[in-house]
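Trainee: I'd like to learn how to read a model like this one. Can we go through it together?

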Amino acid sequence: MQRIKTFKTLSCAVSAALFLSIKALICIGTVYWAVAATLGLTATVALILGGIFAMPTLFVLITVVRMAYEAETDPANQ
(Lines give C-alpha, C1' and ligand atoms only; values in the text may rest on other atoms or scores of the structure.)
Protein backbone atom coordinates (compact mmCIF):
# COMPACT_ATOMS: atom_id res chain seq x y z
CA MET A 1 0.00 0.00 0.00
CA GLN A 2 1.44 3.34 -1.10
CA ARG A 3 1.57 6.26 1.35
CA ILE A 4 -0.02 9.52 0.21
CA LYS A 5 2.68 12.21 0.30
CA THR A 6 1.22 15.52 -0.75
CA PHE A 7 1.86 18.96 0.68
CA LYS A 8 -1.41 18.73 2.61
CA THR A 9 -0.70 15.35 4.20
CA LEU A 10 2.89 16.23 5.06
CA SER A 11 1.93 19.60 6.52
CA CYS A 12 -0.77 17.91 8.60
CA ALA A 13 1.79 15.35 9.79
CA VAL A 14 4.20 18.12 10.79
CA SER A 15 1.39 20.00 12.58
CA ALA A 16 0.25 16.91 14.46
CA ALA A 17 3.81 15.96 15.40
CA LEU A 18 4.58 19.47 16.59
CA PHE A 19 1.38 19.70 18.63
CA LEU A 20 1.90 16.33 20.31
CA SER A 21 5.63 16.94 20.84
CA ILE A 22 4.94 20.20 22.65
CA LYS A 23 2.37 18.49 24.86
CA ALA A 24 4.86 15.70 25.67
CA LEU A 25 7.64 18.20 26.42
CA ILE A 26 5.34 20.14 28.73
CA CYS A 27 4.38 16.98 30.65
CA ILE A 28 7.94 15.67 30.91
CA GLY A 29 9.26 19.13 31.82
CA THR A 30 6.66 19.46 34.56
CA VAL A 31 7.65 16.12 36.06
CA TYR A 32 11.33 17.13 35.86
CA TRP A 33 10.62 20.48 37.52
CA ALA A 34 8.52 18.85 40.25
CA VAL A 35 11.19 16.27 41.07
CA ALA A 36 14.02 18.83 41.04
CA ALA A 37 12.07 21.34 43.14
CA THR A 38 10.80 18.76 45.63
CA LEU A 39 14.25 17.31 46.22
CA GLY A 40 15.89 20.75 46.30
CA LEU A 41 18.60 19.73 43.87
CA THR A 42 21.69 21.83 43.20
CA ALA A 43 22.42 22.97 39.65
CA THR A 44 24.87 20.14 38.94
CA VAL A 45 22.54 17.43 40.19
CA ALA A 46 19.63 19.02 38.32
CA LEU A 47 21.66 18.84 35.09
CA ILE A 48 22.38 15.17 35.74
CA LEU A 49 18.67 14.59 36.31
CA GLY A 50 17.98 16.42 33.03
CA GLY A 51 20.38 14.06 31.29
CA ILE A 52 18.54 11.11 32.76
CA PHE A 53 15.25 12.54 31.49
CA ALA A 54 16.71 13.22 28.02
CA MET A 55 16.71 9.65 26.72
CA PRO A 56 13.06 8.80 27.46
CA THR A 57 12.09 12.23 26.13
CA LEU A 58 13.93 11.59 22.88
CA PHE A 59 12.23 8.21 22.57
CA VAL A 60 8.80 9.77 23.11
CA LEU A 61 9.44 12.51 20.54
CA ILE A 62 10.65 10.05 17.89
CA THR A 63 7.63 7.84 18.52
CA VAL A 64 5.24 10.80 18.27
CA VAL A 65 6.74 12.00 14.99
CA ARG A 66 6.65 8.50 13.49
CA MET A 67 3.05 7.93 14.56
CA ALA A 68 1.92 11.30 13.21
CA TYR A 69 3.58 10.63 9.84
CA GLU A 70 2.07 7.15 9.57
CA ALA A 71 -1.38 8.35 10.55
CA GLU A 72 -1.48 11.37 8.23
CA THR A 73 -0.09 9.61 5.15
CA ASP A 74 -2.15 6.43 5.51
CA PRO A 75 -4.51 6.08 2.54
CA ALA A 76 -7.25 4.70 4.81
CA ASN A 77 -7.38 8.04 6.64
CA GLN A 78 -7.83 10.17 3.52
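**Reading the helices**

Mentor: Buried means under 20% relative accessible area, exposed over 50%, and partly exposed in between (1.4 Å probe, protein chains only). S11 sits in helix α1. Keep in mind that this is a predicted model, where local features need pLDDT of at least 70 and side-chain atom pairs count only at pLDDT 80 or more, while totals for chains, interfaces and linings use all residues. Residues are numbered from 1 along each chain as its sequence is written, and side-chain values use heavy atoms, with hydrogens and water left out.

Trainee: How far apart are the C-alpha atoms of S11 and T57?

Mentor: They are separated by 23 Å, and the two residues are 46 residues apart along the chain.

Trainee: Is S21 buried or exposed?

Mentor: S21 is buried, because its relative accessibility is 11%. It also lies in α1. Contact means heavy atoms within 4.5 Å. Leaving aside neighbours within four places in sequence, S21 touches L61, V64 and V65.

Trainee: How do I check the span of a helix?

Mentor: Helices are DSSP runs (H or I, at least four residues), numbered from the N terminus, and the expected span is 1.5 Å times one less than the number of residues. With 33 residues, α1 reaches 47 Å from its first C-alpha to its last, close to the 48 Å expected. For α2 (residues 43-73), the 31 residues should span 45 Å, and the end C-alpha atoms are 43 Å apart, which agrees.

Trainee: Where does α2 bend?

Mentor: The bend at a residue is the angle between axes fitted to the seven residues ending there and the seven starting there. In α2 it is about 30° at A54, and the proline P56 follows within four residues.

Trainee: What comes just after α1?

Mentor: G40, which takes a positive phi of about 60°.

Definitions and conventions
Helices (H or I, at least four residues) and strands (E, at least two) are DSSP runs, numbered from the N terminus.
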